[in-house]
Amino acid sequence: MDFSPNPETTALVARVRRFIDEVVIPREAEVNAAPERLEAIRGELQQAARQAGVFAPRVPREYGGLGLDWRDSALVFEAAGRSLLGPQALNCAAPDEGNMHLLHAVGTAEQKARYYAPLAKGEVRSCFAMTEPAPGVGSDPAMLLTRAVRDGTDWVIDGDKWFITGADGAAFAICMARTDDGPTMFMVDADNPGFEILRHTPTLDHAFPGGHCEVRFAACRVGADAVLGDIGKGYEYAQQRLGPGRLTHCMRWLGIAARALDIAMDYVNRRESFKKRLAQHQEMQRLVAESAIEMHASRLMIWQAAWCLDRGEQALHETSMTKVFVAEAVNRVVDRALQMCGASGISEYLPLAQFYREIRGFRIYDGATEVHRASIGIRLLRQAAQASP
């Protein structure tokens, strides 16, 4: 086992960290004061990222990216994730990053030219339309209700989706629908008259451009060329997208946890109480140690799962375990940081309150902790049963 990154990656991570600290973080207050400016600031930061040579780390070089593998991406994404704006600036944020991965893997040459190339360049945004309001699909993929039926050479899609991140302002959606041959993914342009954004869903978090929306596919007609990959393989492609997607979430949110701990340590090193600095109190030392230990374990799990992906493995078991551990750990780290800073932690003078709001959803999306635990347990118990004499 060799945990040493190559010199080129080390230098790139340093550039990303400097870019985040010097260019991105100073823009946070502007976005907080005027959330409607997020889209414009996102574009400005992406242009700055191109000039700094840190744009599109996972995108292949032939499409203008840096062409990193998963292990190197883990280091870069964590550095980018120190700011909520960082992944947006580098064009490695959800849901676009996952959609790029899927389009590059299974898209046709025409689909790559029409959808992948502008997405990779940061010229457009996208969304992934899978989750449905009850009783439709959520954690259980068998509950998919959205239907796509053939009409001549076309397909007609009908169904409601919700919590579709980034839908408002997206150029296109990747829509999962049920067909006679099984779940299938379709490319749907946002200007299709059968695609409608019904409303924004008010949520605890606010950092995603385009919000989380309820959308409707109503007699949404698309051509045969809109099918992404093969008909009936939608669940297989969803796993191909969601496994790495879970891992990139872990990479990015670990960056926020690291910054939260840095803020808290700086605070307790300066703040005095009971005639000594807070950092001299044993309880503060315990909180710092617990956070550092959990972040170290998170990092190693991310790296090992990334190694599996780089080997061409599906890594469903590894990414599920990593998602559970890191999602829970990140929430605890940010919670401890806020607690260490006391009243300042829940104020808007520090970014910890905002981090606290934004990271809470991580325990739910891309598979709730409880669902992943069940899947992990089922998988292990099945293996044990098969191995029994």
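Leaving aside neighbours within four places in sequence, Ser-320 is in contact with Arg-246, His-372 and Ile-376. The model is a predicted one. Ser-320 belongs to helix 10. With His-372, Ser-320 makes a polar contact between side chains, at 3.1 Å. Ser-320 counts as buried because its relative accessibility is 4%, and the cut-off for buried is under 20%.

The largest pocket has a volume of about 1,300 Å³. Its lining comprises 46 residues, and those closest to the centre are Thr-131, Ile-364, Tyr-365, Asp-366 and Gly-367. Two or more lining residues come from each of helix 6 (96-106), strand 3 (154-165), helix 8 (234-270), helix 10 (316-340), helix 12 (352-359) and helix 13 (369-387). Helix 8 provides the largest share of this lining, 10 residues. By class, the lining of the largest pocket has 19 nonpolar, 16 polar and 11 charged residues.

The second largest pocket holds about 740 Å³ of space. Of its 35 lining residues, Val-31, Pro-35, His-206, Ala-207 and Gln-354 lie nearest the centre. Helix 2 (28-33), helix 3 (38-52) and helix 12 are the elements that give two or more residues to this lining. Its residues divide into 15 nonpolar, 10 polar and 10 charged.

The largest cavity has a volume of about 180 Å³. It is lined by 14 residues, and Leu-84, Pro-87, Phe-208, Arg-252 and Trp-253 are the ones nearest its centre. Helix 5 (86-90) and helix 8 each give two or more residues to that lining, and helix 8 gives the most, with four. The lining of the largest cavity has nine nonpolar, four polar and one charged residues.

The second largest cavity has a volume of about 60 Å³. Among the residues that line it are Gln-88, Asp-96, Arg-125, Thr-165, Phe-208 and Pro-209. Its lining divides into five nonpolar, four polar and two charged residues.

The volumes and lining classes are set out below.

| Space | Volume | Lining by class |
|---|---|---|
| Largest pocket | about 1,300 Å³ | 19 nonpolar, 16 polar, 11 charged residues |
| Second largest pocket | about 740 Å³ | 15 nonpolar, 10 polar, 10 charged residues |
| Largest cavity | about 180 Å³ | nine nonpolar, four polar, one charged residues |
| Second largest cavity | about 60 Å³ | five nonpolar, four polar, two charged residues |

Note on methods: Residues are numbered from 1 along each chain as its sequence is written. This is a predicted model: local features need pLDDT of at least 70, side-chain atom pairs count only at pLDDT 80 or more; totals for chains, interfaces and linings use all residues. Side-chain values use heavy atoms; hydrogens and water are left out. On a 1 Å grid over the protein atoms alone, a cavity is a set of points where a 1.4 Å probe fits but cannot get out, and a pocket is an open set with protein on both sides within 12 Å along at least five of seven lines; lining residues have an atom within 4 Å of a point. Grid points are joined across faces, edges and corners, and a volume is the space filled by probe spheres set on the points. Ala, Val, Leu, Ile, Met, Phe, Trp, Tyr, Cys and Pro count as nonpolar, Asp, Glu, Lys and Arg as charged, and the others, Gly among them, as polar. Buried means under 20% relative accessible area, exposed over 50%, partly exposed in between (1.4 Å probe, protein chains only). A polar contact is a pair of N or O atoms within 3.5 Å; within protein, one must be able to donate a hydrogen and the other to accept it, and residues adjacent in sequence count only if both atoms are side-chain atoms. Contact means heavy atoms within 4.5 Å.
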